[in-house]
Amino acid sequence: THRRQRQMCIRDRQDLVQGIRALTSKPVVGVGRFTSPDVMVKQVSSGILDFIGCARPSIADPFIPRKIDEGRIEDIRECIGCNICISGDMTMSIARCTQNPTFMEEWRKGWHPERIDAKGDSESVLVVGAGPAGLEAARALGERGYQVVLAEASTQLGGRVACERKLPGLSAWGRVADYREFQLSQMANVDIYLDNELGADDILEFGFEHVVLATGSSWRADGVSRHHVVPIPNDASLPVYTPDDLMAGKLPQGRVVLFDDDHYYMGGVCAELLAELGCEVTLVTPSAYVSHWTNNTLEQASIHARLVELGVDIVLNRALDCIEQGSVDSSCVYSGKLHRMAADAVVMVASRTSNDGLWRELSLREDEWQSHGIKSIKLIGDAQAPAPIAWATYAGHRYARELDCPDI
């Protein structure tokens, strides 16, 4: 569906440009998140456009024109359209790019998008976890020249993006993993081991000089997030699902109440998924907007419209208070007035918990590190603090940049 919509959008844009050409003899510049080099070249070579304007794609990869000219298509970091870059302007804070972790750090830290210092005095690094943070850490460490081993407990690379890319409208999220997987495949100094869950004893026995733990996070099922600081009362008679369950194929049926206290894209996307599967979905949120934070990525209006189109019942300014057999209670965030809704299942999109158990165990055994030849063990990405994907790739890149460098 989304691929067809994208194709229709391209055709509509071409019709618009052809209409503009009929009105002027001046060169025509086209914009609109062009990410495919093939499409860009075709637009110019066929005469539809004279120039391509690449704002967000050039944030993701400032060297797109050069790489196209040199035939290095696989080396392009394609924009995923997450608009996290725009959120910096909307929140008056530093901007980030999910694909390009050097964005905004060119002047602050001197990070060049394509160049990185050679390795320091150390030789080997073990990266545990192949999500966005682990993949970027392994890629940048490999580029610096370290001997890198990347160990992943599952059977695929990508971590959260390997799952989220399968959700409605998020297929482009997979580019975060695809780009890094290709780059790693070109590095003889990087070894990847899938289906390889490591324990503390394993890590200590391997004898790597440095260990970086990028073990990710998991969605909570108890409702603790912004509105609730303690778990929502639940008599356990009604099944409760999380986004992790949905992405693993464990899906509810019938009347589903989805409580969104995350306020980013996940609540809306999960509601869309369930509605498309035929569930009767009611989305409840304490906010005055569906997916409130996406106002900062300019997506909120389209998310709301899409859910209305799918028949999702949207309940704003209410919080989930209690889960009982066959029903849930919600309350107005202003008046506290209660309302009961019939339900066959609840989907909890609340907050995420760091998967830091391995880090905690290794921390308790810090006195053993030196005897096993370990100089440092660091926790990064969602395992340290769950956040948007851009913060995970940034954390991985920063770790790789700063290894063996003096503290500033």
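Visitor: What makes Lys-67 count as buried or exposed?

Guide: In this predicted model, the relative accessible area of Lys-67 is 1%. Buried means under 20%, so Lys-67 is buried.

Visitor: Why is the contact of Glu-114 with Lys-67 called a salt bridge?

Guide: The closest N and O atoms of Glu-114 and Lys-67 are 3.1 Å apart. The rule asks for a side-chain nitrogen of Lys or Arg within 4 Å of a carboxyl oxygen of Asp or Glu, and therefore the pair qualifies as a salt bridge. The two residues belong to distant parts of the chain, 47 residues apart: Lys-67 is in helix α4 (residues 64-69), and Glu-114 is in the loop between α5 (84-90) and β3 (124-128). Asp-61 and Arg-77 join Lys-67 and Glu-114 in a network of salt bridges.

Visitor: What is the accessibility class of Glu-114, and why?

Guide: Glu-114 has 26% relative accessibility. Partly exposed covers the range between the 20% limit for buried and the 50% limit for exposed, so Glu-114 counts as partly exposed.

Visitor: How do you know that Glu-309 and Arg-306 form a salt bridge?

Guide: Their closest N and O atoms are 3.3 Å apart, and the cut-off is 4 Å; the pair therefore meets the rule. Both residues lie in helix α12 (residues 300-309), where being three residues apart separates them by about one helical turn.

Visitor: Why do Glu-309 and Arg-306 carry the labels they do?

Guide: Glu-309 has 60% relative accessibility; exposed means over 50%, so Glu-309 counts as exposed. Arg-306 has 18%, which is under the 20% limit, and so Arg-306 counts as buried.

Visitor: What does the salt bridge of Asp-382 with Arg-352 tie together?

Guide: Here the closest N and O atoms are 3.0 Å apart. Asp-382 sits in the loop between β17 (376-379) and α14 (389-402), and Arg-352 in strand β16 (residues 352-354), so the pair ties together parts 30 residues apart in sequence. At 7% relative accessibility, Asp-382 counts as buried.

Visitor: How many salt bridges does the rule give?

Guide: The count comes to 28 salt bridges.

Visitor: What makes β9 and β10 paired strands?

Guide: Two strands pair if there are at least two bridges between them. Five bridges join β9 (residues 255-260) to β10 (residues 280-284), and therefore they pair. The two strands run parallel.

Note on methods. Residues are numbered from 1 along each chain as its sequence is written. This is a predicted model: local features need pLDDT of at least 70, side-chain atom pairs count only at pLDDT 80 or more; totals for chains, interfaces and linings use all residues. Side-chain values use heavy atoms; hydrogens and water are left out. Helices (H or I, at least four residues) and strands (E, at least two) are DSSP runs, numbered from the N terminus. Buried means under 20% relative accessible area, exposed over 50%, partly exposed in between (1.4 Å probe, protein chains only).
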